[in-house]
Amino acid sequence: MSAKAARKPASRAKGKATTPHLEPATHVKSGEHTVKRFAQEPIAYILAVLVLFRPWRDGITFPTDNVYYLWGIQVAFILWALLLLFRGGAIRHTRLALLLGLFLVVAVLTAANSIQADATYRALLFWSGHFCLFVVAANALRTRTAIGIVLSAFVATAFAEAVFSVIHLNYILPLTRQQLALDPSLAERYFGSSTLNAELEHRLLVNRAFGSFLFPNALAAFMLVSIPYVIGQAWISVRQYLAGLTAARERVSAAPSPSPRQSFLVLLITPVTFTILMVAGFAAFGFTAYARDVLASPNPQLALQVGLQAILRSHWLGSAVFAVVLPLAVSSYLFSVGVRHGLRMYWLTVRAYFLPVVVCMNAVALMMTYSRGGMLALCAALLFAGGLLWWTARTLRAKNARSIKPVAVVATMLVVLSLSLSIGAASSPAPSNEQPLVASPTTGSDGAAYQPPASTPPKVNLRGIDVTLQDVLNPATMLLRLGYWRTGFLMAKDNFWTGVGFGNFGTAYPKYQYPGAPDVKTAHNDYLQMLCETGLFGLIAFALFWGAFLWSGLKRIIREREPWDRWMLTGLYASVLAFLLHSLVDFNFVNPAVAFFVFLLAGIFCAWSSLGEPEPTPRAVHQIFVVPILLVVALAGGVGYRIVDADSMLGPQNMQDLRLNSARGLFDAISDKADPNQAPMFPVSHFRTVLLGRASIEKFGVIHVPVGGGSGGHRPLGRQERMPPNAFVIIRDPAEAQRQLLAAAKTWIAVMVSADALYPYDPDVADKLFQWYDLLIGRTTVQKEKQRLVLEALRWAEESVKRSPAQAWFRMSYGKALWHRANIEISGKALDFYGRGLEEYRIATTLYPISSQVLAQYGAALVEYGAALRRFGRNAEAAEYEQRGRGIVQRAQGNAAGR
């Protein structure tokens, strides 16, 4: 017997498929009981916890939270690596691990040419987590129990996400619109501006499900990795459940009488099952009966309380049926099954009835995203999986079929068909930006000059905008993607070998953006984006990893003799395949919350495919190799800590923007020359945002609160009263208010400087520091203080350009800082600073050539430079610059009107 044949399990070494059976679903010693088996899987529990929580904080909208999940992955990886070092063993699936590691190495090497270190730094950090996750899942999950723990958590979180998506679309999103319409200040509080950009309007107003992912296509990608696997598990569970019932009726040895220990475990589990069903039944009945009334009420909280009381009083019979009778009946049935046939049959019954429900809910959630690319990718993956299962079963039944070539040929044809279908898919039905805009949050999507938020409240359609059949058939999104891809190919052509740096597609995009194209951060094609960011060799390494996985996985499925294992492997394989197909038209790998699951399932596929094989002989080279990887993982964890520490000091991006805009608006509105009989009034929230507490506010004003009853009056707030959200300040001493604002601004600047010292790579932090100093420059009349502020503003503006030289708005900030420097210069060097500033404005136009706002600012800068030349007596040159500048301004205005 060959060594290869010796490694195969007994059931797989046979020449024909085995019949359905009910063997224990773990590879453990016969004397070990269930509780002990579950207690021996600490790494599985770590991964299960990560799986349960990962979907609930979108990786794009909440970037700091990605570090927490990275740490969890690193803990699991370190635990596995230490076990490998001290207990011996070898790394499995080394070829795939090396290919994924090769991609990371290429990304690190191309980082030397990155156009922004911060984006590359963060991207490498999170991709190191993907590498660790794949290696841990493929190597540390060595029993079916361990894999079952992780996959059970995956099914649970997929079901919860699907249910939440339906509830969110039909109940929570309308309530959000209603609250935003009643209180427009919520837009400032949560989004940093009283106006909503196109992307936020689309998310709030279009009736497309996105759940906790905040992007419909991200939810679709998550549903893609869950539906094929759950379909396979549902089929297996129903078949095994029916086989178990047959075995129990015939009293064959496959259905032994349960032990007293198993009966006791069933007795413990039944109350838990009843409690879960009771809560779910009551919630379902309550939502069905009163959710619409709660949303229609002007006071949703009070309406919710009234609804709960009405359910218990007026609808006690219906609530009793859903919350007591049905859960009791289901729990009793499961208890009888467990007592008669054992814990395994109890679990099979739950799976057989629950998993089809999960499939239906996940499919509903996917359909409610209206992601055409997601639906096409799912159809292609399921078509391929179905054809693969059919041909494999047919090949195994043939007596003389020993070659996999016919099946491989058919499977390859199905892959080509799947790719052809998915390339033409567009992932959203209506033209919109499915992601944050390229522009800096404080500059606007067009790089405009920094302005306070507009006072006009956002327009909110309470019913939302339904997606029609015409929208679904609208090819506009495909045309948009063709535009993104066209831009991407231009970018790749100019950076073919090294790329623009990992994570920097959005940074470089404005330079290649063509007129009429929207502002985006991704190519909406992960493979094209890899080419743009990591160059040719990065794309090759990335494609080699997934190509090797798909090819080796295909061969492994074809050679599988056990039908249940074949269904299991095919479900996992189809989930990964659907994700990869969808990535042809979307940005799945950019979102760590979504990419997490494809690497997890790929690793679990590898782990399951090698179950039953003997443990590999310990290899010293593997133990030595894991040491430097541990050091890199520890380094990545330290970098992640610095990012989290800095981000926690700064707070969310929208709050940083709101703080700056509020300070700018308050400084502009409060004047020490104001008429005391016309004392200005401002919401308390404006001052609290700028870090002014109640004691500081009361030094220059009186806090008032509205009087109830709709009279429109107000009264002073008592000393012992808490400040409500609608409190406002009547300013009595504008000069003191200015002093307090200056002190608060300097305090915040000190906090930002400390945060920047922890992580000195973020260009946005440097640019915001420039903006704060720029704000203070016009608020002081002391010459020495002004000179200090100008030099600080220049230092931070220059730092932002050093950190990200390819972004237009940082160049404009630097140009403005240089002009501040020229204004305090008393010698002839002033023109040198003006000239350098003008050059920065010119460079900005080359980095964002289609921006009318950037072009207009360059024209205005030319006019101002001409005025500076006149002050030095160079009238002829001044006239030339002024004429040229006015022409550019007119051209920019024409471009803006045409756009």
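The model is a predicted one, in which local features need pLDDT of at least 70 and side-chain atom pairs count only at pLDDT 80 or more, whereas totals for chains, interfaces and linings use all residues. Residues are numbered from 1 along each chain as its sequence is written, and side-chain values use heavy atoms, with hydrogens and water left out.

Of the 899 residues of the protein chain, 53% count as buried, a term that stands for under 20% relative accessible area, with exposed meaning over 50% and partly exposed covering the values in between (1.4 Å probe, protein chains only). The chain has 34 helices and 4 strands; these are DSSP runs numbered from the N terminus, with H or I over at least four residues for helices and E over at least two for strands. Among the contacts in the protein chain with a separation of 6 or more, 80% are accounted for by residues 24 or more positions apart, contact being defined as heavy atoms within 4.5 Å.

In soluble globular proteins, nonpolar side chains tend to be buried together.

Aromatic rings come next. A search of the whole structure finds 45 aromatic pairs, where rings of Phe, Tyr and Trp (its six-membered ring) pair if their centres lie within 6.5 Å, and planes under 30 degrees apart count as stacked, over 60 as edge-to-face and the rest as tilted. W127 and F502 form a tilted pair, at 5.8 Å centre to centre and with 45 degrees between the planes. This pair links distant parts of the chain, 375 residues apart: W127 is in helix α7 (residues 117–140), while F502 is in the loop between α19 (476–494) and α20 (505–512). Both W127 and F502 are buried. The pair of F222 and F597 is edge-to-face because the ring centres are 4.9 Å apart and the planes stand at 65 degrees. Since F222 lies in helix α11 (residues 216–250) and F597 in helix α23, this pair ties together parts that are 375 residues apart in sequence. F222 is buried, with a relative accessible area of 0%, and F597 is likewise buried, at 0%.

Two arginines also meet aromatic rings. The charged end of R57 sits over the ring of F62, 3.9 Å from its centre, and R659 lies over the face of W748, at 4.1 Å from the ring centre. For this arrangement, NZ of Lys or CZ of Arg must be within 6 Å of the ring centre and within 35 degrees of the ring normal.

The strands can be followed from β4 (residues 728–731), which is covered on both faces: F728 and I730 on one side and V729 and I731 on the other are all buried. Strand β1 (residues 681–683) runs antiparallel to β4 and is joined to it by 3 bridges, with F728 in β4 as the bridge partner of P683. Strand β2 (residues 701–706) is also antiparallel to β4, through 4 bridges, and I703 stands opposite V729 in β4. Two strands pair if DSSP finds at least two bridges between them.

Some individual positions complete the picture. A380, in helix α16 (residues 372–397), is buried with a relative accessible area of 0%. The C-alpha atoms of A380 and L577 are separated by 8.9 Å, although the two residues are 197 residues apart along the chain. H168 lies in helix α8 (residues 144–182) and counts as buried at 10% relative accessibility. G815, in helix α31 (residues 808–823), is buried at 0% and touches G837, E840 and Y841, not counting residues up to four places away in sequence.
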